[in-house]
Amino acid sequence: MNIILLGPPGAGKGTQARILETERGLTQLSTGDMLREAKDSGTEMGKMVAGVMARGELVTDEIVIGLIREKLAAGGSGFIFDGFPRTLAQADALGALLEEMNQTLDKVVELRVDDEALVARITARSTCGSCGEVYNDLTKPIPADGKCSNCGGTEFKRRADDNEESLKTRLMAYYKQTSPLIGYYYAKGNHAAVDGLGEIDAVKAEIAIALA
Ligand code: AP5
Ligand code: MG
């Protein structure tokens, strides 16, 4: 099964992708995580994208399509695309890549969350520095013993683009460049919208219904 999780910054794509990975044995492919890894390890590409990401703008199609192409070429099946595609050009490229591999796109799950909730979620987010588990000061706090519930790690990070200013740019990029994909996949017949405002488990249950 290949799934896209589509939604604005803070909609819960990463949170739900990790759940799907654990519970269904799928592989999460997050272009945001891949780009942050490149930035943290100081590669040439990482240096090139750091400023663009911190401002909340989109990285070029060429770079992110290249990252996805590489992951798909490594083989396997059953992917959750998290934060990709984000433009119509990326969506066309993904369609072509899957076709080359004789694979299909089963569902595009759009997580719908209102903009005010997004600001609150993003400004309260942190992630485990070792395994990437996603936390939230308000809705999913780091355990009281200071250890990640998934891996026991003790270092937690906040993202450089998780501030109100960058979030405005990220939201604008979503509405201008990514939201046309809702119509694109609706027309292709594999779009499903899910209410992303509920608690994490409630959203998980709605996604399960959409994928049934
Ligand atoms: P990316 O890393 O993809 O960020 P994003 O799309 O802005 O989305 P987020 O990761 O911020 O949110 P999320 O939906 O994963 O929410 P999460 O589960 O963490 O991209 C970052 C940047 O990289 C882009 O701006 C761009 O520069 C570049 N980039 C990446 N991909 C690209 C592409 N394809 N093309 C071009 N550029 C690209 O949840 C958020 C918070 O809410 C957490 O604290 C979580 O605990 C909490 N939460 C989650 N679900 C719930 C719930 N149901 N109830 C309460 N709280 C919840
Ligand atoms: Mg994410």
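Pro85 has its place in the loop between β3 (79-82) and α5, where helices (H or I, at least four residues) and strands (E, at least two) are DSSP runs numbered from the N terminus. The peptide bond from Phe84 to Pro85 is cis, with omega near -5°. This is a predicted model, in which local features need pLDDT of at least 70 and side-chain atom pairs count only at pLDDT 80 or more, while totals for chains, interfaces and linings use all residues. Residues are numbered from 1 along each chain as its sequence is written, chains are lettered from A and ligands numbered from 1 in the order in which they are written, and side-chain values use heavy atoms, with hydrogens and water left out.

**The five-stranded sheet**

- Five strands form an open sheet with parallel pairing, in the order β2-β3-β1-β4-β8, where two strands pair if DSSP finds at least two bridges between them.
- At the edges of this sheet stand β2 (27-30) and β8 (191-195), each of which pairs on one side only.
- From one strand to the next, the twist averages 25°, with axes taken as lines fitted to C-alpha atoms, for helices over the stretch in contact, and angles running from 0 to 180 degrees between N-to-C directions.
- Strand β1 (residues 3-6) pairs with strand β4 (residues 107-112) in the parallel sense over four bridges, and Leu5 stands opposite Val109 in β4.

- Strand β5 (residues 125-128) and β7 pair in the antiparallel sense over two bridges, and the bridge partner of Thr127 is Lys157 in β7.

**Helix α5 and what follows it**

- The axes of helix α5 (residues 88-100) and helix α8 (residues 180-188) come within 10 Å and cross at roughly 35°.
- In this contact (heavy atoms within 4.5 Å), Leu88, Ala91 and Asp92 of α5 meet Pro180, Leu181, Tyr184 and Tyr185 of α8.
- By class, the contact of α5 with α8 has six nonpolar, no polar and one charged residues, where Ala, Val, Leu, Ile, Met, Phe, Trp, Tyr, Cys and Pro count as nonpolar, Asp, Glu, Lys and Arg as charged, and the others, Gly among them, as polar.
- Asn102 lies in the loop between α5 and β4, and its phi is near 55°, a positive value in a residue other than glycine.

**Ligand 1 and its shell**

- Ligand 1 is surrounded by 36 residues, of which the closest are Thr15, Glu57, Arg86, Arg125 and Arg170; a residue is near a molecule if one of its heavy atoms lies within 4 Å of it.
- By class, this shell around ligand 1 has 14 nonpolar, 12 polar and 10 charged residues.
- Nitrogen atoms of ligand 1 lie 2.8 Å from a polar side-chain atom of Thr31, 3.3 Å from a polar side-chain atom of Arg121 and 3.5 Å from a polar backbone atom of Ile200.
- Taken alone, ligand 1 exposes 1000 Å², and the protein buries 96% of that, with accessible areas coming from the Shrake-Rupley method with a 1.4 Å probe.
- The elements that give two or more residues to the shell are α1 (13-24), α2 (31-40), α6 (115-123), β6 (134-136) and α9 (200-211), and the largest share, four residues, comes from α2.

Key: A polar contact is a pair of N or O atoms within 3.5 Å; within protein, one must be able to donate a hydrogen and the other to accept it, and residues adjacent in sequence count only if both atoms are side-chain atoms.
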